[in-house]
Amino acid sequence: MKMFQLSAACAVATLAVTASAGSVQVVGGTTSVVLDTDTLATAASLTLSGVSPDVANSTDLAGGVAFSINATDAPTLPTTFMYDPADFLGTFSGTIEHTGSVFFNDNNVEVGDFTIGFDGTRAVGDASGFFVESTTGIAAILFDIEAPSSLSALGDSLQIGADLLVSPEFASFLQTNSLATADLTGADVGDAFVNATAVPTPSAAAGILLGLGALGLRRKRLA
């Protein structure tokens, strides 16, 4: 009996190490956004006029809207973001993709189907390197994401909260189209909160199954 308990404990320990050391991938969830509509209206001549039907009210940020995170097998713009819960900052890769649009100025200006990605060269000043890019309507990086005010990267979920800063590209667009008279680069115009679900990547899942198999094999031999 003692031998069985020891073997089982070793197998469980091995399984825990295997699971925590492997990467997980984001497979769904929402990204909620609250925009500073007053600043956008006065400084950038952008008046919020509506959102597309696939954008819902946020349950994470009061007064915000929520964009669905695309699945990993979505026919267009699939989410590819992966990370190791044991070392998020040293291991993340890929992008988080979304469906939905936001409209300004009587629906004459559209941004949407947002990509959250990372580019280390953008980590300047308050910018973390993460960015939000619009792929519908205005096709450009709209916001740099400030260093997160909250971050939780676990084996089954990812939560990130941070401010949205006007990107150099979006600031240039606003001035070129006479929507802003000043360079708004770096202006804080909103908040974003990622609330994503995650599952082990295929390689990590295989490691977990291997650990479970080893546990079952030990129990059978001891019986």
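## The largest pocket

Ala, Val, Leu, Ile, Met, Phe, Trp, Tyr, Cys and Pro count here as nonpolar, Asp, Glu, Lys and Arg as charged, and the others, Gly among them, as polar. With that in hand, the lining of the largest pocket in this predicted model divides into 21 nonpolar residues, six polar and no charged.

The largest pocket has a volume of about 420 Å³. It is lined by 27 residues, and the closest to its centre are V33, L35, V65, F67 and V102. Which elements each supply at least two residues of this lining? They are β1 (24–35), α2 (37–44), β2 (48–51), β4 (65–69), β7 (101–104), β8 (109–112) and β12. Strand β1 gives the most, with four residues.

## The enclosed cavity

The structure holds one cavity of 30 Å³ or more, and about 150 Å³ of space lies in the largest cavity. Of the 15 residues that line this cavity, I116, F130, I145, I160 and V194 are the closest to its centre.

Four strands, β10 (127–134), β12 (140–146), β14 (157–166) and β15 (188–200), each supply at least two residues of the cavity lining. The largest share, four residues, comes from β14. Sorted by class, the lining of the largest cavity has twelve nonpolar, two polar and one charged residues.

Side chains of opposite charge can pair when their charged atoms come close. How many salt bridges does the count come to? The count comes to two.

One of them joins D144 to R122, with the closest N and O atoms 2.7 Å apart. D144 lies in strand β12 and R122 in the loop between β9 (115–118) and β10, so this pair ties together parts that are 22 residues apart in sequence. D144 has 6% relative accessibility, and because buried means under 20%, D144 counts as buried. R122, at 14% relative accessibility, counts as buried too.

E169 also forms a salt bridge with R122, and here the closest N and O atoms are 2.8 Å apart. E169 sits in helix α4 (residues 168–176), while R122 is in the loop between β9 and β10, so the pair ties together parts that are 47 residues apart in sequence. E169 is partly exposed, with a relative accessible area of 33%. Through shared partners, the salt bridges join R122, D144 and E169 into one network.

Conventions: Residues are numbered from 1 along each chain as its sequence is written. This is a predicted model: local features need pLDDT of at least 70, side-chain atom pairs count only at pLDDT 80 or more; totals for chains, interfaces and linings use all residues. Side-chain values use heavy atoms; hydrogens and water are left out. On a 1 Å grid over the protein atoms alone, a cavity is a set of points where a 1.4 Å probe fits but cannot get out, and a pocket is an open set with protein on both sides within 12 Å along at least five of seven lines; lining residues have an atom within 4 Å of a point. Grid points are joined across faces, edges and corners, and a volume is the space filled by probe spheres set on the points. A salt bridge is a side-chain nitrogen of Lys or Arg within 4 Å of a carboxyl oxygen of Asp or Glu. Buried means under 20% relative accessible area, exposed over 50%, partly exposed in between (1.4 Å probe, protein chains only).
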